[in-house]
Amino acid sequence: MSRAARNVAAPAAWVAGVSAALLALFPLGFPNYDTIYALVWGRELARLESPDYGAALPPTPHPLTDLIGAVSAPLGDGAITVIMVLAYLSLGLIGWLVYYLGRRWFDVWVGLAAALIVLTRAPFLSNGLRAYIDLPYIALCLGALALESRRPRAGAPVLALLALAGLLRPEAWLFSLAYLLYLAWDPEGEGNSRRIGRAEKVPLIALALAGPVLWALFDWVTAGSPTYSWTGTKETVETLERQTGPVDLVLYGPRRLGEVLQWPGMIGACGGLVLGLALLRRRSLLGAAAAALALLAFAILACGGLAIIPRYTMLAAAVLSIFAALGLLGWRLLEPGHPWRRPWQAFAAVEALLFVLWLPNQWDLDSRVDTDLTNQARIERDLSAIADAGAFQPLCGKIAVPNHRAVPRLAFKLDVKPTRIVSASQEGAPRRGYFVAPASPFVIHNFILDPADPTDFSLPVPAGFEEVARNRSWVVYRRC
């Protein structure tokens, strides 16, 4: 086997193995609300139709996810399989990239410990197995960081990955700009670092600007406004009453990061970062800069009016997990007689004790992920099954569902525009058409998308509607 083949085979085997293990442990992943909408809008794009953004509380459209939806549209229901394969592979790839960066910057054992920390954090599992776009975004950003770690000032390949990431989340636009400025900076004087030639500048600038420019064009073509995603997201944040702004950033930002890393990870990351910069500065500098930039991007968007939620901190958490692992094992990289070796060992012992004491809590958090996935997947499958059984034939009038969470799933299964389906809690029931009600308290308890979700499960069946279908989760009533 050639060296190039070996370089590809090792990470491919890692990603495949981790993804398979995740599938065995958590076999009931499913696409979340935002991602199902991307498949619906992608199908409309594949037909050269404008995406239907008019339903209640539509999520932010992400150009790259919608493109995946368009490409997979000919597969019908198979598009869900495609998106879930990408979700499991993204989690596996994040695990490998965190391992690679930890190994590259420090050593193999730091890399392995960092990957273990990331792959056992409940928000990574919960969001990853629901196919949130944040996981592919994190993988692309970590991939760019890995390229830069392997070949400093790599230039175009790094910016290309960040451009793709910039079609999933706007934070990558800041990363591209910062990296472009870094490439233009010669810290040691002319000739002591690889300078950007005049012929290279234009393509590099084009790559750095590709994310925001393509996103604005996408919004302009599909929604008629180049700022639709930004303004629409801010409106949703206000509707759902989420924390946002500089004051809430100070009050809740550290908590949201802590919800991802948990207390042992937060303390370990802080200690590992300080010790790494003090005693292993050259090795730690790139990772520290990446973590700081990720947190800065999160802060800028929060101050700009976007939500302060845990999954927006997961990129920073992925990098900081490497420093948490360094806090545990970094003392091994110091010479045996180094005066700071024993103090670092003492910190590592405290951090290890915290992780051990936290194990029952971590088990509960990860078990809750499995329980929630199982319960919610059952309800989602039952909604798809009742649609496949012909409960909505003939399709007369609009379909009223309890809340907006059911809108994209039914729109996808019935191959209709999302505006054919209304949230009864927000828009009321139609005078004719269909009314979908939960069949049990189990559904009521498990089918709320957000704590501030405007949902009223007590709405009565409208007069004149008759039951036409039922399964363990849903009852469908019709008046045509």
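In what sense do strand S3 and strand S5 pair, and over how many bridges? In this predicted model, strand S3, which covers residues 433–438, and strand S5, which covers residues 474–479, pair in the antiparallel sense over 6 bridges. Within the pairing, proline 438 stands opposite tryptophan 474 of S5.

The two strands belong to an open sheet of 5 strands, in which the order is S2-S1-S3-S5-S4 and the pairing is mixed. Its edges are formed by strand S2 (421–423) and strand S4 (466–470), each of which pairs on one side only. On average, and with direction ignored, neighbouring strands of this sheet are turned by 25 degrees against each other.

Helix H15, made up of residues 341–388, lies across S4 and S5 and runs at about 35 degrees to S5. Helix H16 (residues 406–414) also packs on the sheet, where it touches strand S1 (398–401) and S2, and the direction of H16 makes about 140 degrees with that of S1.

Elsewhere in the chain, a pair of helices deserves a separate look. The axes of helix H4 (residues 78–105) and helix H14 (residues 314–329) come within 10 Å and cross at roughly 45 degrees, which means that H4 is oblique to H14. The crossing of these two helices, H4 and H14, is right-handed. On the H4 side the contact is made by Val98, Leu101, Gly102 and Trp105, and on the H14 side by Ala318, Ser321 and Ile322.

Note on methods
Residues numbered from 1 in each chain as written. Predicted model: local features only at pLDDT ≥ 70, side-chain atom pairs only at ≥ 80, totals over all residues. Heavy atoms only, no water. Axes fitted to C-alpha atoms, helices over the stretch in contact; angles between N-to-C directions. Helix = DSSP H or I, 4+ residues; strand = E, 2+ residues; numbered from the N terminus. Parallel < 35°, antiparallel > 145°, perpendicular 65-115°, else oblique. Left-handed = near helix turned anticlockwise from the far one by under 90°. Contact = heavy atoms within 4.5 Å. Pairing = 2+ DSSP bridges.
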